[in-house]
Amino acid sequence: MIEPSAPRRRIRLDPAPSIPYPARRAFVLALREVLTSGAFSSLNALGGTLRPRRSKQRLSELAAGKRLPDRDELAAVVTACRPAELSRLQQLLFRAAAEESAVAAGRAQPAFRLASCAVAVDGRLPAVDEFRHWTRLGVHPPITRLSSGQNLSERVRAGELPTYVEREKDAELRPALAAAAAGEGPPVRLVLVTGASLAGKTRAAVEAMQAELPTWRLLIPRSARGLAEMLDAQFNLRHTVLWLDEVQEMLEQDIGSEQLNRLLDLPVGPTVLLATLRADTQDAFRDTAGDRLLRRANTRITLHRRPLPAELERALARAHESDDLWLAEALDKIGDRYGIAEWLAAGPQLADQLEYARASDDPVKQTAAALVDAAIDCYRAGYTQPIPEPLLVAAHQLHLPEHLRHAPRPLTAEAMAWARTSIAGASPLLEHHRNWGDRAFDYLLATASDTALATPQRAAIPKALWQHLIAHVTPSTARQIARAAYRAGQRDIADDLIRRNPHDEPARLYADVGNVEALTELADAGDRTAARSLVELLVDRGDAETLTARAAAGDYFAGQRLADLLARLGDADALAARADTGDDDAAWRLAELLADRGDINTLTTRADGGERHAAYRLAGLLVDRGDAETLTARADAGDNYAALALAELGDLNAPTQPDPQADLTAGNDDTGAWWLVDRIAAVDRLADAGDLDALTTQADAGNPHAAWRLAELLAERGDLDTLTARAAVAGFASNQLARRPGAHHLAARKLVELLTDRGDLDALTARADAGDTHAAARRAELLELRGDLTTLTALAAAGDRHAAEGRAGVLAARGELDALTTLAEAGDDAAAWRLVELLADRGELTTLTARADAGDNYAGRRLVDLLADRGDLDALTARADAGDTHAAARRAELLAERSDLKTLAALAAAGDSFAALELTELRAEQHPRDLEG
């Protein structure tokens with residue numbers, strides 16, 4: 001009789017844990033099922049087959065949901081048990097990890113004012129798959145009136161979109177996002193979708209994001225400053241998509257490129273920057289910080305309105321398989337000229353409407369065409385914001401036929417209404433932004449750019465338009481207008497705007513427009529910002545020759561970035577030559593380059609010659625290759641880097657970290673703080689929902705956060721009437737504002753900011769004359785930006801200190817030293833400050849010295865700073881010995897930069913406290929790369 005075989009033993013686990021987080025719970029249950037259905041009798045047996053070996057304790061932690069595995073650990077475990085389940089378990093892991101990031105972010109920063117920085121839902125970032133506000137994402141509304149007579153308006157209002165027709169470029173776009181979901185590649189990656197207007201960029205990016213990253217959080221920043229606030233607060237951005245539709249709008253902001261670079265440099269992820277870029281805007285960023293940012297894209301794909309024939313045929317075949325009414329309409333209309341997305345957003349229809357208006361004999365349509373053409377030219381000239389009606393009306397005169405240039409006002413109003421009427425239920429020629437202005441539909445902007453490229457006679461912006469723009473320039477538009485003027489050959493206009501822009505350093509603006517000559521002049525005069533900007537521009541252009549010359553002349557930053565450029569060019573010989581002369585940055589970049597190439601022989605030669613960077617990178621390369629034998633030999637020979645690197649090849653079964661599950665559920669005993677957090681979150685939910693009535697009620701009851709969010713919401717909507725009404729309640733006495741119920745002064749401030757952005761000088765003047773000091777300050781800034789010296793002088797004579805500051809700014813921009821000197825000697829502090837700055841910019845040491853010796857403290861400080869920037873140690877010493885403490889401090893800094901320990905020690909011994917401090921810090925300082933045993 002055959003004995004029955006004993007039943008095969010399987011892994012037995014403790015009862016399933018209670019896990020409050022759905023994605024983590026789903027992953028743990030699926031993993032437990034895999035573990036218990038495999039061929040192993042125990043966790044010990046399973047762990048023994050894995051490489052590297054996993055202990056029972058580590059596997060038990062996974063089964064209990066106490067920690068999430070990394071991708072490699074999950075693959076090893078599932079492959080050993082049930083390989084067919086690996087793909088499913090990986091997707092569950094990615095979702096659990098995204099959930100963990102979201103929970104951790106909410107727990108770590110519950111009081112963060114998220115809604116003021118980004119689009120929020122219930123006080124949190126929404127998940128990708130729950131956000132359905134298509135126009136907020138940038139998807140153009142589709143046509144609603146079909147040629148058959150059917151009206152699809154109700155379907156659009158219900159949130160429906162035409163069926164998406166997959167593009168062949170999806171095969172490049174979606175894997176890039178899937179790799180991020182899997183934790184592959186860099187911690188933060190930039191995925192850029194470019195193409196013409198209405199090529200389907202935004203829709204393709206939305207569909208890819210929802211397909212590959214549905215559980216990730218979605219961050220739509222309100223502005224570059226909002227993003228900066230989140231980064232400053234170290235907001236958790238793991239498993240987050242930063243959505244940047246029309247990324248050029250972020251890059252146009254004064255700190256946009258800087259903040260996106262900060263984000264790309266974060267060491268922790270995964271995070272995705274998913275951006276779209278209109279092809280016609282790319283030239284505007286050439287040789288700028290924005291251009292350098294875009295070149296950091298890890299994945300870049302380009303979509304065309306009408307794909308190449310083979311792809312188009314396949315796309316049309318997919319579209320024909322659908323019973324979608326929108327697609328049926330597009331297939332019937334696009335012929336052999338247009339693309340599906342292009343037609344559905346009414347692009348060709350709008351272009352035809354504009355051409356029809358241009359050729360019409362109807363005065364209303366002729367005037368409407370002139371308004372649209374003026375809006376297009378304003379955009380091309382750098383006024384990329386909605387255009388206020390006074391500017392648009394003035395500019396459209398340049399496009400009107402002679403007999404209409406003095407037409408009555410009702411004709412212009414009628415033409416404006418006609419241009420703002422949507423075509424086929426989609427978009428109008430002019431998109432109106434209430435209480436702000438109008439902007440030409442972006443398809444018209446793109447086609448105008450294409451026409452300008454094809455016909456140079458259409459490329460020139462009317463000269464008279466520049467004067468209109470200067471008369472209506474605002475702080476938020478000055479930078480872009482200057483850049484456009486420089487590109488258009490209007491350098492005088494660009495330089496004038498740059499000189500009198502009170503919000504930006506000239507060096508940054510000259511760098512934006514790529515003016516090497518102006519940057520060089522400023523840098524040689526001691527402007528540190530200009531010197532750095534110049535070097536970055538030279539690196540961007542690959543100008544190693546000029547960088548080498550500046551480095552040889554003592555420009556430390558040029559030497560540092562020269563090493564970066566040579567590494568980027570792969571010029572190991574040039575790096576070696578500089579390294580052998582003592583250039584530490586070149587030595588470091590050379591070691592990196594050799595390691596990237598896997599050049600162990602050259603690294604070994606340089607390491608054996610005493611080059612510590614080569615030794616460090618060599619040790620890392622040997623760790624990557626698992627070469628314990630060579631590491632041991634080098635460690636035994638006294639190589640400390642090799643000795644430390646051996647630890648990385650040690651036992652992986654070390655005890656794990658404390659249970660992260662406990663951290664996720666940790667509470668806070670400070671009930672008062674949590675009450676405040678809940679109150680703030682409740683207000684943010686009202687603001688996100690656009691509930692003006694509820695916000696008003698809370699603001700009037702004394703809730704300051706509600707007052708601020710109400711003011712923000714009204715400003716976003718351009719609701720001047722309500723803001724003005726609320727501001728009127730406050731009055732203008734600043735000592736009373738803080739005590740007024742509802743804190744109406746917040747509305748007053750937002751009202752002034754909105755008027756300034758619109759360039760409404762009359763309204764600002766009315767408020768300033770009524771006692772609003774904030775309006776007076778912004779009025780002065782606007783007048784300074786426009787160079788209106790007459791009005792500023794009159795206001796200053798009437799006692800307006802803000803106007804006095806603006807007057808001094810205009811005089812400084814014009815270089816009028818005599819006028820500034822006269823005002824300064826009459827007791828004008830603003831003029832005195834501007835005079836000193838102008839003298840410093842010109843490097844006029846003699847005049848600065850005279851003013852400093854006459855008791856001008858600010859002149860003394862600027863003189864010392866200028867001497868320090870020039871490296872004039874003798875002059876600094878002379879002033880320090882005469883009792884100038886600022887000179888003593890800058891002398892010590894300069895000696896520390898030169899690593900002159902001997903002189904610092906001598907000064908410290910003589911009682912110089914600044915030298916003593918720098919000496920202590922210099923001796924204690926240890927560069928992260930200079931690791932010693």
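These legends go with several close-up views of a predicted model.

**View 1. The whole chain, before zooming in.** The protein has 933 residues, and 51% of them are buried. If you take contacts between residues at least 6 apart in sequence, 62% of them join residues at least 24 apart. The exposed surface comes to about 42800 Å², with carbon and sulfur atoms supplying 50% of that.

**View 2. How confident is the predictor?** The average pLDDT is 80, and 88% of the residues score at least 70. Two stretches deserve a flag here. Residues 452–458 have a pLDDT below 50, and beyond near neighbours in sequence this stretch makes six contacts in the model. Residues 650–677 are also below 50, with 34 contacts beyond near neighbours in sequence. Where pLDDT is low, the predicted coordinates should not be read in detail.

View 3. Most peptide bonds are trans. Proline 270 belongs to the loop that runs between α12 (256–264) and β4 (271–278).

View 4. Most residues other than glycine have a negative phi. You'll find glutamine 234 in the loop between α10 (224–232) and β3 (240–244). Its relative accessible area is 68%, and since exposed means over 50%, glutamine 234 counts as exposed.

**View 5. Histidine 239, a positive phi under cover.** Histidine 239 isn't a glycine either, yet its phi is positive, at about 55°. Histidine 239 also sits in the loop between α10 and β3. Is histidine 239 buried or exposed? With 3% relative accessibility, histidine 239 is buried, because the cut-off for buried is under 20%.

**View 6. Tyrosine 338 and tryptophan 343, a tilted aromatic pair.** The model holds two aromatic pairs by the ring-centre rule. One of them brings together tyrosine 338 and tryptophan 343, with 5.9 Å from centre to centre and 40° between the planes. That angle makes the pair tilted, because stacked needs under 30 degrees and edge-to-face needs over 60. Both tyrosine 338 and tryptophan 343 are buried.

How values were computed. Residues numbered from 1 in each chain as written. Predicted model: local features only at pLDDT ≥ 70, side-chain atom pairs only at ≥ 80, totals over all residues. Heavy atoms only, no water. Helix = DSSP H or I, 4+ residues; strand = E, 2+ residues; numbered from the N terminus. Buried < 20%, exposed > 50% of the residue type's maximum accessible area, 1.4 Å probe, protein only. pLDDT = per-residue confidence, 0-100. Contact = heavy atoms within 4.5 Å. Areas by Shrake-Rupley, 256 points an atom, 1.4 Å probe, with all protein chains shown as cover. Phe/Tyr/Trp six-rings, centres within 6.5 Å; stacked < 30°, edge-to-face > 60°.
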